[in-house]
Amino acid sequence: MYGLNENHKEKLQPGIGMSMVVFGAAIAVLLVGVVLLDYDIHIMLLCALAIVCLASVPLGYSFMDLVGCMKKSLGQALAAMIIFIFIGVIISSLIFSGTVPALIYYGLQYIIPDYFLPIGLLLCSLTSISIGTSWGTVGTMGLAMMGIGTGLGIPAPLTAGMVISGAFFGDKMSSISDSTNLAPAAVGTTLYAHIGAMWKTTLPSYIITLIAFTVLGLSYRGGNFSMDTVELFLAAIGGRFHISPLVLVPMAVLLILNLRKYPAVPSMAIGTVLAVLVAVFYQGYPLKEVIAGLNYGYTEPTGVELVDKLLLRGGIQSMMYTFSLSCIAIAFGGVMEHVGYLPCIIEVVIHKVKRDKMMVPVVIASTTLGTLTMGEVFLSIVINGSLYKDAFKKRGLKPEMLSRLLEEGGTLTQVFIPWSTSGVFILSTLGMSVSQYWKYAIFNYVNPLLSIVLAMFGIYIMRIGDEERKSVDHRLSKRHKLG
(Lines give C-alpha, C1' and ligand atoms only; values in the text may rest on other atoms or scores of the structure.)
Protein backbone atom coordinates (compact mmCIF):
# COMPACT_ATOMS: atom_id res chain seq x y z
CA MET A 1 0.00 0.00 0.00
CA TYR A 2 2.77 2.40 0.91
CA GLY A 3 5.44 0.89 -1.31
CA LEU A 4 7.77 3.37 -2.97
CA ASN A 5 10.10 0.95 -4.74
CA GLU A 6 10.57 1.29 -8.47
CA ASN A 7 9.56 -2.34 -9.10
CA HIS A 8 6.33 -1.83 -7.14
CA LYS A 9 7.00 -4.96 -5.11
CA GLU A 10 3.96 -5.76 -3.03
CA LYS A 11 4.38 -4.91 0.63
CA LEU A 12 3.00 -6.94 3.51
CA GLN A 13 0.92 -5.23 6.17
CA PRO A 14 2.00 -5.74 9.81
CA GLY A 15 -0.48 -7.37 12.17
CA ILE A 16 -1.45 -6.00 15.55
CA GLY A 17 0.99 -8.33 17.34
CA MET A 18 3.96 -7.26 15.24
CA SER A 19 2.92 -3.60 15.42
CA MET A 20 2.78 -3.68 19.21
CA VAL A 21 6.16 -5.44 19.45
CA VAL A 22 7.88 -3.00 17.09
CA PHE A 23 6.31 0.04 18.73
CA GLY A 24 7.07 -1.34 22.20
CA ALA A 25 10.70 -2.05 21.31
CA ALA A 26 11.18 1.47 19.94
CA ILE A 27 9.62 3.04 23.03
CA ALA A 28 11.68 0.77 25.31
CA VAL A 29 14.89 2.01 23.65
CA LEU A 30 13.83 5.60 24.25
CA LEU A 31 12.72 4.92 27.80
CA VAL A 32 15.87 3.08 28.85
CA GLY A 33 18.29 5.31 26.94
CA VAL A 34 16.83 8.73 27.74
CA VAL A 35 15.17 8.26 31.13
CA LEU A 36 17.26 5.59 32.86
CA LEU A 37 20.71 6.03 31.29
CA ASP A 38 20.43 9.75 30.48
CA TYR A 39 21.79 9.26 26.95
CA ASP A 40 21.33 11.90 24.27
CA ILE A 41 17.76 11.83 23.01
CA HIS A 42 18.75 12.39 19.35
CA ILE A 43 20.91 9.26 19.28
CA MET A 44 18.33 7.17 21.11
CA LEU A 45 15.68 8.28 18.66
CA LEU A 46 17.96 7.30 15.76
CA CYS A 47 18.35 3.87 17.39
CA ALA A 48 14.56 3.56 17.65
CA LEU A 49 14.26 4.55 13.99
CA ALA A 50 16.83 1.89 13.06
CA ILE A 51 14.86 -0.79 14.93
CA VAL A 52 11.65 0.14 13.11
CA CYS A 53 13.42 0.13 9.73
CA LEU A 54 15.05 -3.27 10.34
CA ALA A 55 11.72 -4.74 11.41
CA SER A 56 10.16 -3.49 8.17
CA VAL A 57 12.58 -5.37 5.86
CA PRO A 58 10.76 -8.73 6.19
CA LEU A 59 7.58 -6.92 5.09
CA GLY A 60 9.20 -6.20 1.72
CA TYR A 61 10.53 -2.68 2.34
CA SER A 62 13.89 -1.74 0.89
CA PHE A 63 16.15 1.01 2.19
CA MET A 64 14.86 3.43 -0.47
CA ASP A 65 11.25 2.52 0.40
CA LEU A 66 11.87 3.48 4.01
CA VAL A 67 13.65 6.68 3.01
CA GLY A 68 10.60 7.48 0.91
CA CYS A 69 8.37 7.03 3.96
CA MET A 70 10.55 9.50 5.87
CA LYS A 71 10.61 11.98 2.98
CA LYS A 72 6.84 11.96 2.71
CA SER A 73 6.31 12.90 6.36
CA LEU A 74 9.18 15.40 6.38
CA GLY A 75 7.86 17.00 3.22
CA GLN A 76 4.43 17.47 4.78
CA ALA A 77 5.98 19.10 7.86
CA LEU A 78 8.68 21.13 6.07
CA ALA A 79 6.72 24.37 5.85
CA ALA A 80 6.07 24.36 9.60
CA MET A 81 9.63 23.32 10.43
CA ILE A 82 11.07 26.24 8.48
CA ILE A 83 9.29 28.43 11.02
CA PHE A 84 11.70 27.09 13.67
CA ILE A 85 14.51 28.95 11.88
CA PHE A 86 12.51 32.18 11.82
CA ILE A 87 11.70 31.76 15.52
CA GLY A 88 15.42 31.97 16.32
CA VAL A 89 15.79 35.00 14.07
CA ILE A 90 12.83 36.94 15.47
CA ILE A 91 13.80 36.25 19.11
CA SER A 92 17.33 37.52 18.51
CA SER A 93 16.14 40.64 16.66
CA LEU A 94 13.62 41.50 19.39
CA ILE A 95 16.37 41.34 22.01
CA PHE A 96 18.74 43.53 19.97
CA SER A 97 15.96 46.07 19.43
CA GLY A 98 15.28 46.22 23.18
CA THR A 99 11.70 44.97 22.71
CA VAL A 100 11.96 41.95 25.02
CA PRO A 101 14.01 43.85 27.65
CA ALA A 102 11.44 46.67 27.57
CA LEU A 103 8.54 44.29 28.18
CA ILE A 104 10.31 42.99 31.29
CA TYR A 105 11.41 46.49 32.36
CA TYR A 106 7.90 47.96 32.19
CA GLY A 107 6.29 44.89 33.71
CA LEU A 108 8.49 44.78 36.80
CA GLN A 109 7.61 48.36 37.67
CA TYR A 110 4.00 47.38 38.33
CA ILE A 111 4.64 44.89 41.13
CA ILE A 112 2.08 45.51 43.91
CA PRO A 113 2.71 43.41 47.06
CA ASP A 114 -0.96 42.53 47.72
CA TYR A 115 -1.41 41.40 44.14
CA PHE A 116 2.00 39.85 43.61
CA LEU A 117 0.70 36.44 42.50
CA PRO A 118 -1.74 37.60 39.77
CA ILE A 119 0.71 40.26 38.56
CA GLY A 120 3.51 37.72 38.58
CA LEU A 121 1.31 35.36 36.56
CA LEU A 122 0.70 38.07 33.97
CA LEU A 123 4.40 38.99 33.82
CA CYS A 124 5.50 35.38 33.37
CA SER A 125 2.82 34.92 30.72
CA LEU A 126 3.89 38.06 28.84
CA THR A 127 7.56 37.10 29.04
CA SER A 128 6.88 33.58 27.77
CA ILE A 129 4.70 34.79 24.91
CA SER A 130 7.32 37.34 23.86
CA ILE A 131 10.29 34.93 23.88
CA GLY A 132 8.36 31.74 23.09
CA THR A 133 9.94 29.52 25.75
CA SER A 134 8.73 28.32 29.13
CA TRP A 135 12.25 27.32 30.19
CA GLY A 136 13.66 30.76 29.43
CA THR A 137 10.85 32.33 31.46
CA VAL A 138 11.26 29.95 34.42
CA GLY A 139 15.02 30.47 34.46
CA THR A 140 14.83 34.27 34.43
CA MET A 141 11.56 35.96 35.32
CA GLY A 142 10.71 32.88 37.37
CA LEU A 143 13.82 33.20 39.49
CA ALA A 144 13.07 36.89 40.03
CA MET A 145 9.52 36.02 41.15
CA MET A 146 10.83 33.37 43.56
CA GLY A 147 13.06 35.97 45.22
CA ILE A 148 10.27 38.53 45.49
CA GLY A 149 7.83 35.90 46.79
CA THR A 150 10.26 34.93 49.53
CA GLY A 151 10.46 38.56 50.63
CA LEU A 152 6.66 38.70 50.82
CA GLY A 153 6.46 35.56 52.96
CA ILE A 154 4.66 33.57 50.27
CA PRO A 155 5.42 29.81 50.31
CA ALA A 156 7.96 28.89 47.65
CA PRO A 157 5.82 26.07 46.16
CA LEU A 158 2.96 28.52 45.64
CA THR A 159 5.20 31.03 43.86
CA ALA A 160 6.68 28.21 41.77
CA GLY A 161 3.19 27.10 40.75
CA MET A 162 2.37 30.64 39.66
CA VAL A 163 5.59 30.88 37.63
CA ILE A 164 4.95 27.52 35.95
CA SER A 165 1.34 28.41 35.13
CA GLY A 166 2.34 31.69 33.47
CA ALA A 167 5.40 30.29 31.70
CA PHE A 168 3.58 27.33 30.14
CA PHE A 169 0.55 29.43 29.21
CA GLY A 170 2.84 31.68 27.18
CA ASP A 171 4.76 28.74 25.75
CA LYS A 172 1.48 27.14 24.65
CA MET A 173 0.04 30.28 23.05
CA SER A 174 3.11 32.00 21.57
CA SER A 175 3.39 31.89 17.78
CA ILE A 176 7.18 31.66 18.15
CA SER A 177 7.13 28.68 20.55
CA ASP A 178 8.62 25.45 19.21
CA SER A 179 5.87 23.22 20.66
CA THR A 180 3.17 25.55 19.31
CA ASN A 181 4.63 25.12 15.83
CA LEU A 182 5.39 21.42 16.19
CA ALA A 183 1.85 20.35 17.15
CA PRO A 184 0.13 21.66 13.99
CA ALA A 185 2.99 20.33 11.88
CA ALA A 186 2.48 16.87 13.36
CA VAL A 187 -1.21 16.74 12.41
CA GLY A 188 -1.24 18.74 9.18
CA THR A 189 -2.92 22.00 10.12
CA THR A 190 -1.79 25.64 10.17
CA LEU A 191 -0.24 27.58 13.04
CA TYR A 192 -3.07 30.11 13.30
CA ALA A 193 -5.81 27.48 13.06
CA HIS A 194 -4.04 25.69 15.92
CA ILE A 195 -3.77 28.81 18.10
CA GLY A 196 -7.39 29.71 17.34
CA ALA A 197 -8.53 26.26 18.46
CA MET A 198 -6.48 26.49 21.67
CA TRP A 199 -8.02 29.79 22.72
CA LYS A 200 -11.42 28.10 23.12
CA THR A 201 -10.31 26.17 26.20
CA THR A 202 -7.24 28.20 27.16
CA LEU A 203 -8.95 31.54 27.80
CA PRO A 204 -11.50 30.27 30.36
CA SER A 205 -8.77 28.17 31.98
CA TYR A 206 -6.50 31.20 32.27
CA ILE A 207 -9.28 33.32 33.78
CA ILE A 208 -9.91 30.61 36.38
CA THR A 209 -6.18 30.49 37.11
CA LEU A 210 -5.93 34.29 37.44
CA ILE A 211 -8.84 34.39 39.88
CA ALA A 212 -7.37 31.53 41.91
CA PHE A 213 -3.98 33.25 42.30
CA THR A 214 -5.67 36.55 43.15
CA VAL A 215 -7.58 34.89 45.99
CA LEU A 216 -4.50 32.98 47.17
CA GLY A 217 -2.35 36.12 47.02
CA LEU A 218 -4.69 38.11 49.24
CA SER A 219 -4.15 35.49 51.95
CA TYR A 220 -0.49 36.51 52.30
CA ARG A 221 -0.65 40.24 52.95
CA GLY A 222 1.82 42.00 55.18
CA GLY A 223 5.09 40.32 54.20
CA ASN A 224 8.43 42.11 54.23
CA PHE A 225 8.55 43.17 50.59
CA SER A 226 12.03 43.47 49.12
CA MET A 227 12.63 45.27 45.83
CA ASP A 228 16.27 44.18 45.57
CA THR A 229 15.69 41.64 42.79
CA VAL A 230 13.44 44.02 40.86
CA GLU A 231 15.97 46.86 41.15
CA LEU A 232 18.71 44.52 39.94
CA PHE A 233 16.73 43.70 36.80
CA LEU A 234 15.78 47.32 36.14
CA ALA A 235 19.36 48.61 36.56
CA ALA A 236 20.87 45.93 34.31
CA ILE A 237 18.29 46.37 31.54
CA GLY A 238 18.18 50.17 31.76
CA GLY A 239 21.98 50.35 31.65
CA ARG A 240 22.22 48.30 28.43
CA PHE A 241 19.17 49.38 26.38
CA HIS A 242 17.31 52.59 25.57
CA ILE A 243 13.85 51.86 26.95
CA SER A 244 10.90 53.69 25.42
CA PRO A 245 7.55 52.84 23.76
CA LEU A 246 9.32 53.01 20.40
CA VAL A 247 11.05 49.68 20.96
CA LEU A 248 7.66 47.98 21.35
CA VAL A 249 6.69 48.75 17.75
CA PRO A 250 8.13 45.51 16.24
CA MET A 251 6.21 43.37 18.75
CA ALA A 252 3.03 45.39 18.24
CA VAL A 253 3.24 44.95 14.46
CA LEU A 254 3.93 41.22 14.89
CA LEU A 255 0.90 40.83 17.17
CA ILE A 256 -1.34 42.76 14.77
CA LEU A 257 -0.25 40.58 11.85
CA ASN A 258 -0.86 37.47 13.96
CA LEU A 259 -4.35 38.63 14.90
CA ARG A 260 -5.10 39.29 11.24
CA LYS A 261 -3.89 35.72 10.51
CA TYR A 262 -1.19 36.93 8.18
CA PRO A 263 1.14 34.03 7.17
CA ALA A 264 3.62 33.25 9.95
CA VAL A 265 6.88 33.47 7.98
CA PRO A 266 6.15 36.84 6.30
CA SER A 267 4.93 38.17 9.68
CA MET A 268 8.16 37.16 11.36
CA ALA A 269 10.18 38.58 8.47
CA ILE A 270 8.42 41.96 8.79
CA GLY A 271 8.87 41.95 12.56
CA THR A 272 12.56 41.09 12.15
CA VAL A 273 13.18 43.92 9.67
CA LEU A 274 11.52 46.45 11.99
CA ALA A 275 13.47 45.12 14.99
CA VAL A 276 16.77 45.32 13.09
CA LEU A 277 16.04 48.94 12.15
CA VAL A 278 15.30 49.80 15.79
CA ALA A 279 18.45 47.96 16.92
CA VAL A 280 20.68 49.83 14.49
CA PHE A 281 19.20 53.33 14.47
CA TYR A 282 17.86 53.59 18.03
CA GLN A 283 19.86 51.16 20.16
CA GLY A 284 23.07 51.95 18.25
CA TYR A 285 24.24 48.43 17.43
CA PRO A 286 26.42 48.02 14.32
CA LEU A 287 24.50 46.41 11.47
CA LYS A 288 27.16 43.70 11.08
CA GLU A 289 26.78 42.71 14.74
CA VAL A 290 23.01 42.53 14.47
CA ILE A 291 23.16 40.44 11.29
CA ALA A 292 25.57 38.03 12.97
CA GLY A 293 23.28 37.94 15.98
CA LEU A 294 20.37 36.76 13.84
CA ASN A 295 22.36 33.57 13.35
CA TYR A 296 24.21 33.20 16.66
CA GLY A 297 21.88 35.11 19.00
CA TYR A 298 22.43 37.99 21.39
CA THR A 299 25.81 37.47 23.04
CA GLU A 300 26.60 40.64 25.04
CA PRO A 301 26.42 39.92 28.80
CA THR A 302 25.10 42.56 31.18
CA GLY A 303 27.12 41.24 34.12
CA VAL A 304 23.95 40.22 35.98
CA GLU A 305 23.47 36.45 35.79
CA LEU A 306 19.67 36.46 36.05
CA VAL A 307 19.33 39.00 33.26
CA ASP A 308 21.93 37.27 31.09
CA LYS A 309 20.01 34.00 31.31
CA LEU A 310 17.09 35.78 29.70
CA LEU A 311 18.87 37.87 27.09
CA LEU A 312 21.73 35.66 25.89
CA ARG A 313 19.62 33.62 23.50
CA GLY A 314 17.99 33.60 20.08
CA GLY A 315 19.48 33.12 16.63
CA ILE A 316 19.14 30.35 14.07
CA GLN A 317 21.72 28.15 15.81
CA SER A 318 19.69 28.15 19.03
CA MET A 319 16.88 26.36 17.20
CA MET A 320 19.00 23.59 15.71
CA TYR A 321 18.46 21.31 18.70
CA THR A 322 14.69 21.48 18.26
CA PHE A 323 14.95 21.41 14.46
CA SER A 324 17.14 18.31 14.35
CA LEU A 325 15.09 16.51 17.02
CA SER A 326 11.91 17.27 15.10
CA CYS A 327 13.43 15.98 11.85
CA ILE A 328 14.36 12.64 13.41
CA ALA A 329 11.05 12.35 15.29
CA ILE A 330 9.01 13.08 12.15
CA ALA A 331 11.10 10.58 10.15
CA PHE A 332 10.43 7.99 12.87
CA GLY A 333 6.72 8.78 12.75
CA GLY A 334 6.78 8.58 8.95
CA VAL A 335 8.08 5.00 8.92
CA MET A 336 5.72 3.98 11.73
CA GLU A 337 2.78 5.47 9.85
CA HIS A 338 3.46 4.54 6.21
CA VAL A 339 4.64 0.99 6.86
CA GLY A 340 1.40 0.51 8.79
CA TYR A 341 2.40 0.05 12.44
CA LEU A 342 0.62 3.14 13.75
CA PRO A 343 -2.60 2.66 11.74
CA CYS A 344 -2.80 -0.91 13.01
CA ILE A 345 -2.39 0.14 16.65
CA ILE A 346 -4.70 3.12 16.44
CA GLU A 347 -7.41 1.08 14.75
CA VAL A 348 -7.59 -1.15 17.82
CA VAL A 349 -7.75 1.87 20.14
CA ILE A 350 -10.25 3.82 18.06
CA HIS A 351 -12.48 0.79 17.58
CA LYS A 352 -13.27 0.91 21.29
CA VAL A 353 -14.11 4.63 21.21
CA LYS A 354 -17.69 4.94 20.00
CA ARG A 355 -18.35 8.64 20.59
CA ASP A 356 -16.39 11.57 19.21
CA LYS A 357 -16.35 13.33 22.57
CA MET A 358 -14.43 10.42 24.10
CA MET A 359 -11.53 11.18 21.75
CA VAL A 360 -10.72 14.17 23.96
CA PRO A 361 -9.74 12.25 27.12
CA VAL A 362 -8.20 9.47 25.01
CA VAL A 363 -5.80 11.82 23.17
CA ILE A 364 -4.96 13.85 26.30
CA ALA A 365 -4.24 10.67 28.29
CA SER A 366 -2.30 9.13 25.41
CA THR A 367 -0.08 12.19 24.99
CA THR A 368 0.54 12.40 28.74
CA LEU A 369 1.39 8.71 28.75
CA GLY A 370 3.81 9.30 25.88
CA THR A 371 5.67 11.93 27.89
CA LEU A 372 5.49 9.73 30.98
CA THR A 373 7.10 6.91 29.00
CA MET A 374 9.69 8.81 26.97
CA GLY A 375 10.35 11.82 29.21
CA GLU A 376 10.26 14.16 26.19
CA VAL A 377 7.15 16.06 25.13
CA PHE A 378 8.31 16.72 21.54
CA LEU A 379 8.41 13.01 20.82
CA SER A 380 5.02 12.47 22.43
CA ILE A 381 3.46 15.26 20.35
CA VAL A 382 4.86 13.93 17.06
CA ILE A 383 4.06 10.27 17.73
CA ASN A 384 0.53 10.91 19.00
CA GLY A 385 -0.10 13.34 16.16
CA SER A 386 0.78 10.54 13.73
CA LEU A 387 -1.32 8.05 15.70
CA TYR A 388 -4.57 9.99 15.64
CA LYS A 389 -4.60 12.31 12.61
CA ASP A 390 -6.17 9.80 10.21
CA ALA A 391 -8.73 8.75 12.83
CA PHE A 392 -9.77 12.39 13.32
CA LYS A 393 -10.08 12.84 9.57
CA LYS A 394 -12.30 9.74 9.21
CA ARG A 395 -14.52 10.98 12.03
CA GLY A 396 -14.82 14.40 10.40
CA LEU A 397 -12.99 16.13 13.26
CA LYS A 398 -10.74 19.09 12.55
CA PRO A 399 -6.96 18.56 12.74
CA GLU A 400 -6.60 21.70 14.85
CA MET A 401 -8.77 20.04 17.49
CA LEU A 402 -6.21 17.22 17.60
CA SER A 403 -3.27 19.63 17.78
CA ARG A 404 -5.04 21.45 20.64
CA LEU A 405 -5.40 18.19 22.56
CA LEU A 406 -1.74 17.34 21.95
CA GLU A 407 -0.71 20.56 23.68
CA GLU A 408 -3.18 20.07 26.53
CA GLY A 409 -1.96 16.54 27.13
CA GLY A 410 1.69 17.22 26.35
CA THR A 411 2.91 20.80 26.73
CA LEU A 412 0.95 21.37 29.94
CA THR A 413 1.11 18.01 31.74
CA GLN A 414 4.85 17.46 31.30
CA VAL A 415 5.50 19.55 34.43
CA PHE A 416 3.82 16.85 36.55
CA ILE A 417 6.26 14.15 35.43
CA PRO A 418 9.41 14.29 37.63
CA TRP A 419 11.67 12.61 35.04
CA SER A 420 10.48 14.65 32.07
CA THR A 421 12.93 17.21 30.73
CA SER A 422 10.73 20.02 32.06
CA GLY A 423 10.31 18.40 35.49
CA VAL A 424 14.08 18.03 35.82
CA PHE A 425 14.65 21.60 34.60
CA ILE A 426 12.19 23.11 37.06
CA LEU A 427 13.75 21.17 39.95
CA SER A 428 17.26 22.31 39.04
CA THR A 429 16.21 25.92 38.38
CA LEU A 430 13.61 26.73 41.03
CA GLY A 431 14.63 24.07 43.55
CA MET A 432 11.04 22.81 43.71
CA SER A 433 10.07 19.18 43.07
CA VAL A 434 6.83 18.06 41.45
CA SER A 435 5.54 16.83 44.82
CA GLN A 436 5.91 20.37 46.18
CA TYR A 437 4.45 22.52 43.41
CA TRP A 438 1.98 20.26 41.55
CA LYS A 439 -1.19 21.49 43.26
CA TYR A 440 -0.23 25.13 42.62
CA ALA A 441 0.50 24.69 38.90
CA ILE A 442 -3.17 25.50 38.49
CA PHE A 443 -3.31 26.35 34.80
CA ASN A 444 -1.47 23.18 33.81
CA TYR A 445 -4.19 20.89 35.16
CA VAL A 446 -7.24 23.16 34.88
CA ASN A 447 -6.85 23.47 31.09
CA PRO A 448 -6.83 19.73 30.20
CA LEU A 449 -9.50 18.94 32.81
CA LEU A 450 -11.75 21.74 31.56
CA SER A 451 -11.26 20.52 27.99
CA ILE A 452 -12.44 17.04 29.02
CA VAL A 453 -15.43 18.35 30.98
CA LEU A 454 -16.55 20.60 28.12
CA ALA A 455 -16.20 17.70 25.68
CA MET A 456 -18.52 15.56 27.81
CA PHE A 457 -21.19 18.21 27.19
CA GLY A 458 -20.38 18.29 23.48
CA ILE A 459 -18.70 21.71 23.69
CA TYR A 460 -15.73 22.47 21.41
CA ILE A 461 -15.97 19.21 19.51
CA MET A 462 -14.65 20.78 16.33
CA ARG A 463 -16.07 19.11 13.23
CA ILE A 464 -15.08 19.77 9.64
CA GLY A 465 -17.74 21.90 7.97
CA ASP A 466 -19.21 23.39 11.16
CA GLU A 467 -18.47 26.95 10.05
CA GLU A 468 -19.84 26.30 6.58
CA ARG A 469 -23.08 24.88 7.97
CA LYS A 470 -23.45 27.79 10.38
CA SER A 471 -22.91 30.24 7.52
CA VAL A 472 -25.53 28.50 5.37
CA ASP A 473 -28.02 28.37 8.26
CA HIS A 474 -27.45 32.07 8.91
CA ARG A 475 -28.07 32.97 5.27
CA LEU A 476 -31.22 30.83 5.11
CA SER A 477 -32.52 32.38 8.33
CA LYS A 478 -31.81 35.87 6.98
CA ARG A 479 -33.65 35.10 3.72
CA HIS A 480 -36.58 33.69 5.67
CA LYS A 481 -36.86 36.87 7.73
CA LEU A 482 -36.64 39.04 4.62
CA GLY A 483 -39.33 36.90 2.95
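**Fold, surface and cysteines of the predicted model**

The secondary structure of the chain consists of 24 helices and 0 strands; both are DSSP runs numbered from the N terminus, with helices being H or I of at least four residues and strands E of at least two. The model is predicted, so local features need pLDDT of at least 70 and side-chain atom pairs count only at pLDDT 80 or more, while totals for chains, interfaces and linings use all residues. Residues are numbered from 1 along each chain as its sequence is written, and side-chain values use heavy atoms, leaving out hydrogens and water.

Of the 483 residues in the chain, 55% are buried (under 20% relative accessible area; exposed is over 50%, partly exposed in between; 1.4 Å probe, protein chains only). Contacts are heavy atoms within 4.5 Å. Among those between residues at least 6 apart in sequence, 79% join residues at least 24 apart.

The accessible surface of the chain is about 20,300 Å² (Shrake-Rupley method, 1.4 Å probe). Carbon and sulfur atoms account for 67% of this surface. Met358, Val453, Met456, Phe457, Ile459 and Tyr460 make a nonpolar surface patch of about 540 Å². Patch residues have over 30% relative accessible area and no salt bridge, and nonpolar side chains are joined within 5 Å; a salt bridge is a side-chain nitrogen of Lys or Arg within 4 Å of a carboxyl oxygen of Asp or Glu. Val453 lies in helix 23 (residues 442–456). Val453 is partly exposed, at 43% relative accessibility.

The structure holds 0 disulfides (pairs of cysteine sulfur atoms within 2.5 Å). Cys69 is in no disulfide, and the nearest cysteine sulfur, that of Cys53, is 8.3 Å away. Cys69 is buried at 1% relative accessible area. Cys124 is also buried, at 0%.

Note on methods. Patches are made of residues with over 30% relative accessible area and no salt bridge: like charges are joined within 9 Å, nonpolar side chains (Val, Leu, Ile, Met, Phe, Trp, Tyr) within 5 Å.
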